Amino acid sequence: MKTIRAVLAMFDAINTRALILGRAIGLVALGLMVLVILTQIFFRYVLNNALPWPEEAARALMIWMMAMVAPSAYRYTGFVSINMLHEYIPARLKNYLILSILLLCTFVSIIMLQHAWTHFSSPLLFDSSGLNRLLQDTGINQLLGTQIQFRTAYIYLAMSVFLTLILMVSLELVMRQFARIIWGNESFPSPKLPNVMAVNS
Amino acid sequence: MILAWFLPLFLIFLMIGVPVYFAMLAAPGFMLYLNGQERDIALMYRNIFNGIDNGVLLAIPFFMLAGELMNKAGITERLVAFSQTIIGSVRGGLAQVNILSSMLFAGMSGSAVADTSALGSMLIPAMEKQGYTRKFAAAITAASSVIGPIIPPSGIMIIYAYVMEVSVAALFAGGIIPGILVGMGLMIMTRLMANKYEFPPAKRFVIEGVHISNAENFVARVIARLMLATVLYPLAINVITIQIADHFKHVLFHFTCALIVTEILFQIQRRLVSNEFRIVAKRAVLPLLTPVIILGGILGGVATPTEASALAVAYSALLGLIILRSINLKDLGPILVKSAITSSVVLLLVGAAMAFKTVVSLSHIAEDLAVYILALTNNPLLLLLLINLLLFIVGMFLDAGPAIIILGPILAPIFIDLGIHPVHFAMIMSVNLTVGLATPPMGLVLFVASSVSGVKVETISKAILPFLAVEIFVIFLITYFPVISLGIPSWLGFVKDADLMGPIVGSFF
């Protein structure tokens, strides 16, 4: 019990911090998405000169936002599911059923992570023309003296990060459920819901 | 074909409690593997990514953020006070106010949950104080909150439009009359119940001693006049037949005429209503500009849904941070995080839906199901009844968004082939599954209403039954009278050559 408690504490510490960071990145990404689209509206309707990069930038930010904050939903509230059956079966069976479901979710995450990594590291690393135009227009490369190029793979990477975080959370949930089956639910409570995720916050 | 078994497997996964997102990937993925189509699993993954990587979906986090900002900025209190001045004096006043506030709130937020938590936390205690039972207050809050995703903007309609490749603007236009019908139906039921159960006497103003700053007073007066003049402008064009060669001068002349009529109407109402009424109405003008921006932008063809939603965010932030000063910069963090989390879960499901849709088409299950359904009956009236029953049962157990994502790609092609217009079918699905949010045992808004009111879900579930009966009746009206869903989209030119009358009215002519 001591060993599993120590391992769970380690997962808890890593996941809690990673997800706090994820939510912070998600917050910034959502704010930037709004600013980017408002910039486009200003250029399109006021200056009558639509920019080539805002929609691509907003989509990239949206995917990164999703990747960084969705694991918080999985860890603290669970993704949408129908849990009615769980109310009508014996507690022991319910615990085994939840463990099986968590194992299935972990397995799916592993398979998807393999595909996400292949997608990211495939040889076809296209340049992102819209976002490179942003670098060119703003003169960031000239200012920094760098040769930074945006590639679409940087957006694909979001899915690998997302699935890695989901996998980390999955492993913690599987381990906690396993411990609950052996030592009882009370000994291994669920992680505390962050204030920002409470219904009435 | 073994691949078609992914659907029963998917249903088993759902029943045992596998999260919808994972079930949508695991069931088709497993059957593809058994069928020796491992390469298609990679295609499924690509479609998750491509499914999320679309500009239309940006509107989902933006509308959620705008709703959250509006909620925190305290505009709920202004809308409720405004509803109170309009309808508060009839019997069952606060219950009617609850419904009208939901209809107004629906024009700003696309979420039933936001509606329940915002209006419930304010109106349930107020209703209890006036002598309504807490369970009735919670039930009417939950029942009226389903109007949120029906009257545009609507999160689930954006999802449907994207997954099923239908115009967002057409769906938004199509939701207006069904949403108003649900609201009016609930109001009639409340009025009937008020007589039977002797609801407390009505009181016109909930919030007394309201005041308005000089600056807001001025801005509200200008905006109210501009809004009414814009409504009267088409009338001015038709009534005043003077033609001016220069187009700009022609528009300016008729708009000035509309403004003059507006001013006369405003001066008349000044003499008819009390000062308190006018202040409450002026305080509602700035919040009510949000649906004007959103709907005017999208339905007028001026802005895309994404642009309109970003403008709604900017306007809500401006309202909360600068004009009303009801939120500060510190509040923005939690608001952004909450909106990001809620919308991310939806985005993930949309991605999974696109992967699921790939396997639906690879397996030809929609075609097989169509043959099976048509073997039962080919009477469209009966088929629509059956589909409504199916949707209602699904809505009892599953949220509207995931249900649309799962059932849309399977059911919509069947009914479109039978001659049902895609926008009409979208409305049937959206309204039916949205009502499912308030049906026991798994209605999401019942849980939120329970958490806000402290009343047990089972108790609210019983109290909500008369209102659910009204909503089911409206679903049938929408199903058998397509003009309800297609009237406005057709008038605005989003829908062409549609049979507005439908099979029942059509059989008489």
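**Close-up views of helix packing and local backbone features**

**View 1. Residues of α9(B) against α18(B).** B:Ile156, B:Ile159, B:Tyr160, B:Val163 and B:Met164 of α9(B) meet B:Ala400, B:Gly401, B:Ile404, B:Ile405, B:Gly408, B:Pro409, B:Ala412 and B:Pro413 of α18(B) (contact means heavy atoms within 4.5 Å). The model is predicted: local features need pLDDT of at least 70, side-chain atom pairs count only at pLDDT 80 or more, and totals for chains, interfaces and linings use all residues. Residues are numbered from 1 along each chain as its sequence is written, chains are lettered from A and ligands numbered from 1 in the order written, and side-chain values use heavy atoms, without hydrogens and water. Helices are DSSP runs of H or I with at least four residues, and strands are runs of E with at least two, numbered from the N terminus. The axes of α9 (residues 155-164) and α18 (residues 400-417) of chain B come within 10 Å and cross at roughly 35° (axes are lines fitted to C-alpha atoms, for helices over the stretch in contact, with angles from 0 to 180 degrees between N-to-C directions). The crossing is right-handed, the near helix being turned clockwise from the far one by less than a right angle (anticlockwise is left-handed).

**View 2. The pair α6(B) and α7(B).** The axes of α6 (residues 93-106) and α7 (residues 112-129) of chain B come within 11 Å and cross at roughly 160°. The two helices are therefore roughly antiparallel (over 145 degrees; under 35 is roughly parallel, 65 to 115 roughly perpendicular, the rest oblique). Residues in the contact include B:Leu94, B:Val97 and B:Phe105 of α6(B), with B:Ala118, B:Leu119 and B:Met127 among those of α7(B).

**View 3. Packing of α4(A) on α3(B).** α4 (residues 91-121) of chain A and α3 (residues 38-52) of chain B pack at about 75°, with axes 10 Å apart. That angle makes α4(A) roughly perpendicular to α3(B). A:Ile111, A:Met112, A:His115, A:Ala116 and A:His119 meet B:Ile41, B:Ala42, B:Tyr45, B:Arg46, B:Ile48 and B:Phe49.

**View 4. Helix α10(B) and its ends.** The 30 residues of α10 (residues 168-197) of chain B should span 44 Å at 1.5 Å a residue, and the end C-alpha atoms are 42 Å apart, which agrees (expected span is 1.5 Å times one less than the number of residues). At B:Ile176 the helix bends by about 30°, and B:Pro178 follows within four residues (the bend is the angle between axes fitted to the seven residues ending there and the seven starting there). After α10(B) comes B:Glu198, with a positive phi near 50°.

**View 5. Two loop residues.** The peptide bond from B:Pro152 to B:Pro153 is cis, with omega near 0°. B:Pro153 lies in the loop between α8 (134-145) and α9 of chain B. A:Asn48, not a glycine, has a positive phi near 55°, and A:Asn48 sits in the loop between α1 (2-46) and α2 (54-76) of chain A.
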